[in-house]
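Let's take a walk through this structure, one element at a time. Have the viewer open and follow along.

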Amino acid sequence: MPYTAPLNDLRFLLDHVVGFDAVQATDRFAETTPDVTEAILTEAAKLCEGELAPLQRAGDLHPARLENGVVRTSPGFAEGYRAIAAGGWVGMSADPAYGGMGLPMALATCMNEMMSSACLSLQIAPMMTQGQIEALEAHASDALKALYLPRLTSGDWVGTMNLTEPQAGSDVGALTTKAVPKGDGTYAITGQKIYISWGDNDFTGNVCHLVLARLPDGAPGTKGISLFLVPRHLPDATGNPGVANALKVVSLEHKLGLHGSPTAVMQYEGATGWLVGPEHGGMRAMFTMMNNARLGVGVQGIGVAEAAYQHALAHARDRKQGQTPVADADSILAHADVRRMVMTMRAEVFAARAIALSTAVATDMHHATGAESWAARAALLTPICKAYGTDTGIRVADLGLQVHGGMGVIEETGAAQYLRDVRVTAIYEGTNGIQAMDLVGRKLADGGEAMSRLLDEIEALAESARGSLPDVAEPVWQACETLRETTEALVAETRLNARFGGAQPYLMAAARVLGGHAHLAAAIAEGGRGPRSALARFFVGRLLPEHGALAAQALAGDKDLYALDPEDLVA
């Protein structure tokens, strides 16, 4: 389906809102000059618009399938993936020592968004590989790095993440997959994993699975879990794929959306694997990949939101129906309610994109400086980015159907596919409820210091703009104070389940304040006059006020959630 990369907004956010200039000023990323940044964004846009976007409908209409134990991918996906790999896009943030570009995560985030807009089903494959690359860089032995990283970085091989099991779900500590030492430095992996995105394909030389399993002496729960690298084909003496490993794809899931992305049930039957990181240290190693993926999944939601917005806007501009209150305007875009929906879509996408890029910038600054304050900032923003980004994808795709009217539920228009595809993003890589619990649990375990520092920056910017943009700055400052008070109250709450009872609204309140901050920064950069300033006033006037109700819900605790017995819930 047609797609135009939002280069103007991406450039604007990098230049004026999220502090990318600080990343460019570091020694590590000094070569990422404005010219290099522009070239990267321009070439990425060409790939996504010209080669990947045409695959969107093909993946939906002709799903991946399993034939005689071999996954057959959707038409054109092999060529699309090879174009991604040939451009070096898989390893754009990877270590140059293994063939990567060594570019900032912020630019990789821009690319991942564009790929997600163009064809999310295909984008999942390189995104999973990027996460595996980061995990191996941080935790694998030198021998494993030397063998696997060049091939993953080039895109010749792809990576997956194997956590979930039928009986475990989000409770990873309940896994039963076993790893038994073979006495030669390798391990025999036995068990079943489900929901494995891109568990196999027919266009790369190898598929490398990162698998969580328990050693014979592993303690119960997450503390006894180890991480193993288990390839589809065992590398031979030259490093090329050799004999098949003892693993197989049992089946592919029949899903609501993302039909072009094969989601596999994987069976390991004494498959040979190599330990990644220390024994019983699997969760720490896997969280490296999961945190990368959580940022990536938030960006997937934003990418689909952008595409759904473009699709809906094009329909609204062409559809002529009813009398409009605007002179010389005869499309439904002139109707107030349609305009409300379209403005909401655009304002939400801008805010979510700013939060995602801010998360990436914090990650880049930590990598470049080693400062723990940047690590804390990235950790704080990650669950907000994941949850708000994917919720935005769902909300915007749903509004897109509404803008289309009856045609939105007709599959031929393509509008429904966006909603079907994006819906799962709020579930995988940790449900959005888990993200919210992480935010009010682990991320406030510092007494709220990381959040307090972020709120200080937001209030300082709002304070500086009170004179020039009072209608935008003052509401942002007041909302920030409300969020600060809510944060302090949650930190003082000693009952963790009471925090969990208000976790989701707290996360969304934080997203509203962060979104208001981004829109304010945009209006300041524009001098208070222009389309982004108008969009900022819309967000601050219509969406930011939701933070107050959300803050009240965040402090409601958990008692009312348990006021009805299970029997009372049955009508």
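A residue counts as buried here when its relative accessible area is under 20%. Keep in mind that the model is predicted.

With that cut-off in hand, look at strand E3, residues 157-162. Six of its six residues are buried, so E3 is largely enclosed by the rest of the structure. Both faces of the strand take part: Trp 157, Gly 159 and Met 161 point one way, while Val 158, Thr 160 and Asn 162 point the other way, and all are buried. E3 also has a partner, strand E6 (residues 206-214), which runs parallel to E3 and is joined to it by six bridges. To find the pairing on screen, pick Trp 157, which stands opposite Asn 206 in E6.

Now jump to helix H17, residues 531-543. Its 13 residues reach 17 Å from first C-alpha to last, close to the 18 Å expected at 1.5 Å a residue. Its buried residues include Phe 538, Phe 539 and Val 540, and also Arg 532. What do the buried residues of H17 pack against? They pack against helices H1, H9, H10, H14, H16 and H18.

Two of those neighbors, H14 (470-492) and H18 (546-554), deserve a look of their own. Their axes come within 10 Å and cross at roughly 5°, which makes H14 roughly parallel to H18, as angles under 35 degrees count as such. On the H14 side the contact is made by Ala 479, Thr 482, Thr 486 and Leu 490, and on the H18 side by His 547, Ala 551 and Ala 554. By type, the residues of this contact divide into four nonpolar, three polar and no charged.

Conventions: Residues numbered from 1 in each chain as written. Predicted model: local features only at pLDDT ≥ 70, side-chain atom pairs only at ≥ 80, totals over all residues. Heavy atoms only, no water. Helix = DSSP H or I, 4+ residues; strand = E, 2+ residues; numbered from the N terminus. Expected span 1.5 Å × (residues − 1). Buried < 20%, exposed > 50% of the residue type's maximum accessible area, 1.4 Å probe, protein only. Contact = heavy atoms within 4.5 Å. Axes fitted to C-alpha atoms, helices over the stretch in contact; angles between N-to-C directions. Parallel < 35°, antiparallel > 145°, perpendicular 65-115°, else oblique. Nonpolar A, V, L, I, M, F, W, Y, C, P; charged D, E, K, R; others polar. Pairing = 2+ DSSP bridges.
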